[in-house]
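Please open the structure in your viewer and keep the selection panel at hand.

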Amino acid sequence: MRRSTRARRSSGNARSKRVLAVVGTLAVFGGIVAVTQISSAQDQRRTTRAASASCVASSPGATAPGGQGSTTRTWQNGRWVRNHWGDGQMSAAECQQTNAGGAGAGAPTVACPDVKSKLPQVPDRARAEVDRNLALLESQIAEANRRLAAEGRNGGNFIDNAILRPLADKRTAILNRIATAIGRGGQRPQGLDELAQCALADNAQNGGDNGGGQNGGNNNGGNNNGGGGNDNGGNNGLEVLAKDCTDSRLAAHDGFQNGNRCVSTAFGEVAAAANNPSLLITQFPNRVRRNQPFTLGVTTKNLVRDRFLAAGQGGYYLESSLLNDQGLVRGHFHTACRMLGSTRQPPNPQDVPAFFVATEDGKGGGQPDDVLIQVPGLPDSGLAQCSVWAGDGSHRIPMMERANQTPAIDVVRIQVN
């Protein structure tokens, strides 16, 4: 038993040394932190497949602006919007903090929309009652956090049914009381009930966001059977060079972001032409100052934004494309801004963009649906190219029924002074 313990400690020390051997260079540009790290890709794959307590260096550009978590939530239009910064992988520091202390670490907490900042001018006669109810909202959150700490390991269904839904009901009642109190001395505020829904904050290892479909059987050979059996009676008379990785000289792709690999994951389900995803950038500035925050408005159609396998955790090109019951693609969309050094020469494809985020909010569908992307600012003067494109659950641009359909992508250019 003692020899086994020493062996485990030795193995842990070896992994720690590999992580410490990573060279990290932080470049901070107006709230955007781009991380460039040099590591052994082979070590990264081995470490990530090991126990969850092993923390590996994140990919370049994988961290969020302002040092936020790798996944953040914002409250928009009555719903929580998840933004997976970079490739959705936790930084080594986040991972180490999450794993510190073993199984008890990373206890989930509740995140609720702020009510006080959404209230109109409160009449003097209603101030005491409103303050009393605002305090009750805070105490309800504290009680929910106590229950999560004690019972949160019972699973997502328990948390939804026993903690989050009852909390939303209690908040709805209090929000109605606040609206009534304000309405006695002025105009009753509308829409406060939209602030009742709460969610798990992102300090709990991103619980159901990134973990559900990335472990278990999805990282072994089960998804690597390619399409070799679908020969369709002789390749339709065409000379096909390859349909799987049988004869490839490249190593098999393993779900991580490495090139010179061969992907055998089946393409998956293709939507009908009328159901193919589409999107448009509907709001953007023509000109901004350096490091000035700005907003991009994005409208998607035929894209169900409910599927995101974190690329930095081995979910890249790992899962086949999937449609929901209405024949719509399940996935998310990406937003990136990069500076153009020239309008005559294409930019370097390997450069990390100044801004990147993948957005998954559980919404979207067959009708146009709006999302706001908050860009914290661009660090350099010049011409910025901001792009938005759809992705399936494993980050590929969704397939189209016909070759002459335009993929779900839009681009604008913004002058940065």
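**Disulfides**

Begin with C386, which is buried because its relative accessible area is 0%; buried means under 20% relative accessible area, exposed over 50%, and partly exposed in between, with a 1.4 Å probe and protein chains only. The model is predicted: local features need pLDDT of at least 70 and side-chain atom pairs count only at pLDDT 80 or more, while totals for chains, interfaces and linings use all residues. Residues are numbered from 1 along each chain as its sequence is written, and side-chain values use heavy atoms, with hydrogens and water left out.

Helices (H or I, at least four residues) and strands (E, at least two) are DSSP runs, numbered from the N terminus. The link of C337 and C386 is right-handed, with 110° about the S-S bond.

Next, select C112 and C198, a disulfide with sulfur atoms 2.0 Å apart. C112 lies in the loop between β5 and α4 and C198 in the loop between α5 and β6, so the pair ties together parts that are 86 residues apart in sequence.

Then show C245 and C262, whose sulfur atoms are 2.0 Å apart in a disulfide. Its torsion about the S-S bond is about -90°, so this disulfide is left-handed.

**Nonpolar core**

Select F294, L296, F333, F355, I373 and L378, the residues with the most contacts inside the largest nonpolar core, which has 28 residues. Such a core is a set of buried Ala, Val, Leu, Ile, Met, Phe, Trp, Tyr and Cys residues joined through side-chain atoms within 4.5 Å. Strand β16 gives the most to this core, with four residues. Centre on L378: among the residues it touches, beyond four places in sequence, are F294, C337, F355 and V416 (contact means heavy atoms within 4.5 Å).

**Helix α5**

Move to residues 156–185, helix α5. A kink of about 30° lies at L164, shortly before the proline P166; the bend is the angle between axes fitted to the seven residues ending there and the seven starting there. Buried residues of α5 include I159, L167 and R171, and their cover includes β5, α4 and β6.

**Confidence**

Finally, colour by pLDDT, the predictor's confidence in each residue, from 0 to 100. The protein averages 78, but pLDDT stays under 50 over residues 1–53 and over residues 101–105.

Notes:
The expected span of a helix is 1.5 Å times one less than its number of residues. A disulfide is a pair of cysteine sulfur atoms within 2.5 Å.
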